[in-house]
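Work through these exercises with the structure open beside you. Try each task before you read its solution.

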Amino acid sequence: MHDGVASRLAPLLTKIMLGEEHDDPAAEDLPIQVRAWDGSVIGPPGAPAFVIRHRRALRRLLWKPGEMGLVRAYVAGELDIEGDVFAALGAVQRVMRSGDEPIRLSSDDKREIVRTAVMLGAVGPEPKPPPEEFPPGRRADRSTGPLSESADFFARMLGPEMAHAGGFWDEAVDLEDAQRTALEAVTARLGLFPGARVLDLNAGWGALACHLAGRQGARVVGLTRTPEQAAHIAERAAAADLTGRVKIHGWDLDAAGGGPYDAIVGLTGVESLDRAVPRLYELLAPGGRLVLQQPVRRPGPHRVRRTFTTSYMFPEDGDLVPLGELVGALEDAGLEVRGVGALREHHARTLRAWAANLERHWAECVELAGAGRARVWLLYLAASALACESGRIGVHEIRAIRRDRDGRAGITLVEGRAVQGYPAS
C-alpha cells in the first residue's frame with residue numbers, strides 16, 4: 001500500500017538517508033523498505049524492511065539525522081527491523097557510519113522536511129535518549145552497562161561454553177567447534193608447562209582460564225570486567241575442582257600484582273594500551289610469552305566522536321589504535337614481536353554466529369535483560385560484523401616475547417611452533 005503516511009515520508013527519508021547529493025530522490029531510491037504506523041509502505045520490493053511504529057521515531061531522526069537518530073529509535077522500540085538485520089544495516093551503512101556528523105541538507109530540504117513533519121505530527125522537542133545510552137563524556141560503568149548482563153543471558157548468546165573470543169573457522173563445522181579450535185590454538189602458542197603462571201587480561205566468563213588450568217595445569221590469574229563475571233568464573237572453577245589454580249581479580253591491571261608471569265594472554269582487547277604495555281613488560285618473566293587479540297582501526301587521522309558503539313557499548317572504543325602503532329608500542333616497551341596474524345574474517349563470522357544465537361533465544365534474552373538491552377546487543381553484533389567484513393575495523397593476533405637477560409628469545413617460540421594452529425589468512 002503506497003498511499004498514506006509512508007508516501008508522505010518519502011521526501012523526508014530519502015533526504016535523511018541519501019543527502020543532498022541526490023537532487024531529486026524518489027522513494028524507489030531508498031536502500032530500504034519502510035512501513036509506517038498506518039500500514040502504508042514505500043521503498044523497493046524485497047528490500048530490508050524498517051517499521052516505524054511511533055511518530056517519535058521521526059522526531060528522533062529530525063533532531064539527529066543519521067546514525068544516532070536511527071539507533072535511538074530502534075533501541076527505544078519506536079522503529080523495528082524485520083527480516084535479516086545484517087541486510088538491513090548493510091543497506092544503510094552510509095547512515096550508520098555518520099555518528100554525530102550531520103547528514104548534509106540544504107535550506108530548502110530542511111524546510112520541506114519540517115513541513116512534512118508538521119503534517120505528520122512529528123514535530124516537538126528532542127526526545128530523551130533511551131536509558132541504555134551512556135551520558136556524554138561518561139566512561140563505561142561496568143556494573144550497569146551491557147556487559148553486566150547475567151550469565152544466563154550470555155550463555156544463550158555466546159553458547160554454553162561462554163567463550164567470549166572469536167573462533168577459528170577454517171575447518172570448523174559450527175560455533176562450538178570454532179571456539180574449541182581457537183582455545184586449543186592459543187594454548188599451543190603460549191607453550192605452557194605444569195605450574196606455569198598465566199595472566200588472563202580479559203577473562204570474560206572463564207572459558208580460557210579454566211581451559212589452561214584444567215588441561216595444562218597452569219596457575220591462572222584472571223581480570224574481569226564485572227562482578228557477575230567474577231562470580232561465574234569462581235563457580236565454574238569450583239565445579240571443575242580448579243579453585244586453587246584460578247584466581248579472579250578486578251579489571252584494573254594493578255590487580256595483577258607484581259608477577260612475574262610465564263605467559264600473558266589478552267583475548268578481545270585490552271584497554272588503555274599506552275599505560276598497559278609498559279606494565280605488561282614488567283609483569284612478564286624473561287623469556288615469557290605474550291599473546292594479544294586486539295581490535296584495531298585503520299591508520300590515518302582519527303577524531304573521537306559519539307557513535308552507537310561509544311554511546312551504548314564501549315565509550316573507550318574511540319581509543320582504538322592502528323596495528324602499526326600497537327606493534328611499535330610493544331617493541332618500545334622491550335617486547336619483541338614475533339608474529340602478527342589477521343583474524344578479521346574469523347571475528348566477523350563469530351559475531352554473526354552470536355547474533356544468530358541471540359535471535360534464536362530472543363524471547364528468553366528479552367526476559368533476562370530487557371528489550372532495550374537485547375536490541376543494543378543485536379545491533380552491536382550486526383554492526384560490528386559488517387564493519388569487520390568491510391575492513392573498517394580489524395582484529396589481529398600479536399605474539400611477542402620478553403627477551404631474556406642475554407637478549408635471547410628462547411626456544412619455545414621458534415617459528416614452526418609459534419604459528420601452530422593458526423588459522424589460514
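**Exercise 1.** Is the crossing of α14 and α16 left-handed or right-handed, and how do the two helices pack?

*Solution.* This is a predicted model.
Step 1: Find helix α14 at residues 344-360 and helix α16 at residues 371-390.
Step 2: Take the handedness. α14 and α16 cross in a left-handed way.
Step 3: Take the geometry. The angle between α14 and α16 is about 155°, and their axes are 8 Å apart.
Step 4: Angles over 145 degrees count as roughly antiparallel, so α14 is roughly antiparallel to α16.
Step 5: List the contact. α14 contributes residues including Leu-351, Trp-354 and Leu-358. Among those from α16 are Trp-377, Leu-378 and Leu-381.
Step 6: Sort the contact of α14 with α16 by class. There are 12 nonpolar, two polar and four charged residues.

**Exercise 2.** Describe how helix α2 packs with helix α3.

*Solution.* 
Step 1: α2 covers residues 55-63, and α3 covers residues 67-75.
Step 2: Their axes lie 7 Å apart, at an angle of about 160°. Therefore α2 is roughly antiparallel to α3.
Step 3: The crossing of α2 past α3 is right-handed.
Step 4: Name the contact residues. From α2 come Ala-57, Arg-60 and Leu-61. From α3 come Gly-69, Leu-70, Arg-72 and Ala-73.
Step 5: By class, the contact of α2 with α3 holds four nonpolar, one polar and two charged residues.

**Exercise 3.** In what order do the four strands of the open sheet lie, and which are the edge strands?

*Solution.* 
Step 1: The order is β2-β1-β3-β4, with mixed pairing.
Step 2: The edge strands are β2 (41-42) and β4 (79-82), since each pairs on one side only.
Step 3: Look at one pair. β3, residues 49-52, runs antiparallel to β4, and four bridges join them.
Step 4: Pick a bridge. Ile-52 has Leu-79 as its partner in β4.

Technical notes:
Residues numbered from 1 in each chain as written. Predicted model: local features only at pLDDT ≥ 70, side-chain atom pairs only at ≥ 80, totals over all residues. Heavy atoms only, no water. Axes fitted to C-alpha atoms, helices over the stretch in contact; angles between N-to-C directions. Parallel < 35°, antiparallel > 145°, perpendicular 65-115°, else oblique. Left-handed = near helix turned anticlockwise from the far one by under 90°. Contact = heavy atoms within 4.5 Å. Nonpolar A, V, L, I, M, F, W, Y, C, P; charged D, E, K, R; others polar. Pairing = 2+ DSSP bridges.
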